[in-house]
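Subject: The two-chain model, and what turned up in it

Hi,

Here is the structure I promised to pass on to you. Have a look at it first, and then read on for what I found.

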Amino acid sequence: MKSSGLRINNAELWGGAIWFAISLFVVDQGRRLGLGSINHPGMGFMMFWLGLVMAGLSLGVAVQSIKGEGPSLRALWAETRWAKTLIVIAAFVVYALAFTQLGFLLSTVPLMLVLLRAIDPVRWTIAVPLSFGAPLLIWWALKSLLQIQLPSGMFEIG
Amino acid sequence: MDLAAQIANGFAVALTPINLLYCFIGVFIGTLVGVLPGIGPISAMSLLLPVTLSGTPESGIIMMAGIYYGSMYGGSTTSILVNIPGEATSVVTCLDGHQMAKQGRAGPALGMAAFSSFIAGTAAVVGLMIIAPFLASFAVAFGPAEMFSLMVLGLVIVTFLTQGSMLKSLLMASAGIVLGLIGLDSITAQARLTFGRIELYDGIGLVPVVMGLFGVSEVLSNIEQGIKRTVTNTAIGSKLPTSDDWQRSRGPIWRGTVLGFFLGIIPGGGAVIASFASYALEKRVSKTPERFGKGAIEGVAGPEAANNAAAGGAFIPLLTLGIPPNVVMALLLGSFVIHNITPGPLLMMQRPDLFWGVITSMYIGNVMLLVLNLPLIGMWVQLLRLPYNILFPMILLFTVVGVFASSNNVFDLYVMIAFGIFGYLARKLGYEAAPLVLAFVLGSIMENKLRTALIISSGEISTFVKKPISAVCLAIAAIMLLLPLIPALRRKREAVALEDGNN
């Protein structure tokens with residue numbers, strides 16, 4: 001896993017670089033918000049100094065990667081079922097976008113079907129009743145018992 | 001009012017039918033999430049945070065507390081029968097508990113786990129009753145400088161105890177503070193880092209952040225690896241330990257209780273470190289240390305007592321100082337805040353019904369847990385046979401509903417998904433989520449205390465070292481930050497560092 005010298009595909013290097021960019025953003029935001037003075041610190045005082053601390057820490061992480069520490073990006077996902085993870089993330093993003101438009105019931109049933117069938121497939125005889133039954137039960141419990149209204153969407157179902 | 005009267009008042013609150021029901025729901029869900037690997041008290045408490053809105057503050061907080069200490073009981077069942085810890089706190093129980101199960105002694109192992117949890121949990125409540133009022137009177141003297149330094153110490157301890165690189169943990173903690181600063185400034189009431197989104201004026205919600213970082217990212221990681229588990233196919237038999245078992249376990253239970261209780265009080269310490277420390281202690285004091293790891297009942301009794309006592313001890317900093325010592329207590333702080341209640345030194349005086357009601361409910365909860373975990377153990381074993389491919393869609397469904405119900409805002413769903421993906425990638429790169437969450441909760445309070453301390457002292461930075469309590473906290477924090485620079489100590493830290501996410 002480890003090899004000496006700078007490797008452009010080193011995960012630690014990328015991690016450090018991303019954190020460094022974030023810390024520069026934090027420093028800039030802190031400066032824009034106003035540092036104030038030491039006896040009357042402004043809104044950006046803590047953010048500015050924290051940003052500097054983060055910059056130092058992220059440089060430390062990046063330096064460790066230059067010393068050869070850390071796995072490659074490819075090694076992190078080697079021998080994993082990364083495609084399955086991507087499917088769940090994609091399903092979740094689509095679900096969140098459709099949530100208010102379609103409503104809770106119409107968007108949750110397909111999500112459950114995808115999750116139950118696309119990852120480690122569950123038998124249809126279990127997947128279909130569960131995909132319909134679980135959201136219906138939750139919708140009923142929230143609406144009737146807790147008086148929480150879930151979105152009914154453009155078709156006003158639920 | 002003297003202590004006895006206050007305790008009686010507490011029982012009067014805890015024993016009302018509605019509070020008994022909430023307590024039962026809490027300990028039941030706690031046991032459930034403790035038993036199920038892949039879902040912990042943090043996810044369950046986040047999920048149920050919105051539910052606390054519908055009842056009285058004491059009902060909601062009693063339920064949330066029940067989930068926490070209930071999960072300590074449930075975690076051991078999975079460790080003993082499946083050799084997978086249901087909770088991080090039960091990792092050590094796998095070592096001897098599962099060996100006992102393989103030797104046909106699953107019953108006594110489960111029984112001893114439940115009894116030692118009960119004894120320690122109850123003793124911790126007694127300790128809480130004695131120490132909390134004393135500490136609360138002492139905590140009134142804490143000014144902004146002391147509070148700031150204590151929070152710095154808590155964060156440093158968490159970063160010190162989490163797994164892997166300390167640089168990365170400190171980065172996560174710093175990011176958590178920055179995230180906690182989003183929203184209206186607590187002193188000038190002006191918006192910062194809101195980017196014109198009204199949803200961000202109140203800051204990012206704790207529930208979507210926690211559900212994303214712990215619930216969604218946990219599921220994503222599990223799916224990637226593919227969880228497989230086999231429940232030990234041995235008859236559980238009698239759950240009552242023999243007199244020899246009791247003889248061997250008596251010392252470990254009491255030592256674990258005392259050790260766990262005090263480790264629980266320390267910010268950043270908690271149940272995970274307590275269970276490991278107890279196991280190490282028992283192995284050291286045992287005349288037959290070679291039995292450990294091969295089915296020694298002391299290796300079940302001590303750590304199980306320690307993690308339950310630590311769960312009780314962890315309430316002390318929250319209730320008396322208003323500072324959550326770990327992520328679970330941060331969520332409990334959230335449920336106080338939802339009801340406009342500020343935990344801290346004045347809570348005992350302003351809301352004695354709530355303070356003592358919550359504490360005494362833990363006695364009742366511990367009795368309920370003993371019943372749930374001994375006669376009903378078969379039910380939990382059946383639950384362990386539920387396949388993960390059915391379980392994970394349900395977990396995701398509950399996270400979605402929990403997050404939406406907490407704010408009635410779809411924006412929180414986006415936040416949860418974003419933090420879920422971030423949490424998954426962070427795990428991949430070896431960044432732990434626990435320091436970020438604790439820092440996120442403490443961020444705005446820390447900033448407020450820092451600025452207030454500087455304003456009060458007219459910009460005198462030395463105020464943080466002139467005040468003795470503050471100076472001690474900062475000195476310990478500085479030592480802990482410097483320790484990993486010594487190679488031998490760094491190796492030692494890496495050996496004891498723990499995944500504290502579920503703590």
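This is a predicted model: local features need pLDDT of at least 70, side-chain atom pairs count only at pLDDT 80 or more; totals for chains, interfaces and linings use all residues.

You will find L193(B) in the loop between strand 2 (191–192) and helix 9 of chain B. Its phi is positive, near 55°, and the residue is not a glycine.

That loop holds another residue to look at. F195(B) also lies between strand 2 and helix 9 of chain B, and its phi is positive too, at about 50°, although F195(B) is not a glycine. Most residues other than glycine have a negative phi. The surroundings of F195(B) are another matter: with 8 C-beta neighbours inside 10 Å, it counts as exposed, since that label applies at 12 or fewer.

Now for chain B as a whole. It has 23 helices and two strands. Its radius of gyration is 22 Å, close to the 23 Å that the globule rule gives for 503 residues, so chain B is as compact as a globular protein of that length. The C-alpha atoms fill a box of roughly 65 × 55 × 50 Å along the principal axes. Of the 503 residues in chain B, 61% count as buried. Taking the contacts in chain B between residues at least 6 apart in sequence, 81% join residues at least 24 apart.

Chain A gives another picture. It contains six helices and two strands, and from the N terminus on these run α-β-β-α-α-α-α-α. The radius of gyration of chain A is 24 Å, well over the 15 Å that the globule rule gives for 158 residues, so chain A is more spread out than a compact globule. Its C-alpha trace spans about 55 × 50 × 25 Å along the principal axes. Buried residues make up 32% of the 158 in chain A. Here 63% of the contacts between residues at least 6 apart in sequence join residues at least 24 apart.

How do the chains meet? On the chain B side, 43 residues are in contact with 49 residues of chain A. Helix 8 (166–181), helix 9 (206–225), helix 18 (388–407), helix 19 (410–428) and helix 20 (434–456) of chain B each supply at least two residues to the side that touches chain A. Helix 18 of chain B gives the most, with nine residues. By class, this side of chain B has 27 nonpolar, nine polar and seven charged residues.

Finally, do look at helix 5 (residues 91–102) of chain B. This helix has 12 residues and reaches 17 Å from its first C-alpha to its last, close to the 16 Å expected at 1.5 Å a residue. How many of the 12 residues of helix 5 of chain B are buried? The count is 11, so this helix is largely enclosed by the rest of the structure. Among the buried ones are T93(B), D96(B), H98(B) and Q99(B). The buried residues of helix 5 pack against helix 4 (57–82), helix 6, helix 11 (271–285) and helix 12 (298–313) of chain B. After helix 5 of chain B comes G104(B), whose phi is positive, near 85°.

Enjoy exploring!

Best wishes

How values were computed:
Residues are numbered from 1 along each chain as its sequence is written. Chains are lettered from A and ligands numbered from 1 in the order in which they are written. Helices (H or I, at least four residues) and strands (E, at least two) are DSSP runs, numbered from the N terminus. The radius of gyration is taken over C-alpha atoms; the globule rule is 2.2 Å times the number of residues to the power 0.38. A residue is buried if 20 or more other C-beta atoms lie within 10 Å of its own, exposed if 12 or fewer, and partly exposed in between; C-beta atoms are placed from the backbone. Two residues are in contact if their C-beta atoms, placed from the backbone, lie within 7 Å. Ala, Val, Leu, Ile, Met, Phe, Trp, Tyr, Cys and Pro count as nonpolar, Asp, Glu, Lys and Arg as charged, and the others, Gly among them, as polar. The expected span of a helix is 1.5 Å times one less than its number of residues.
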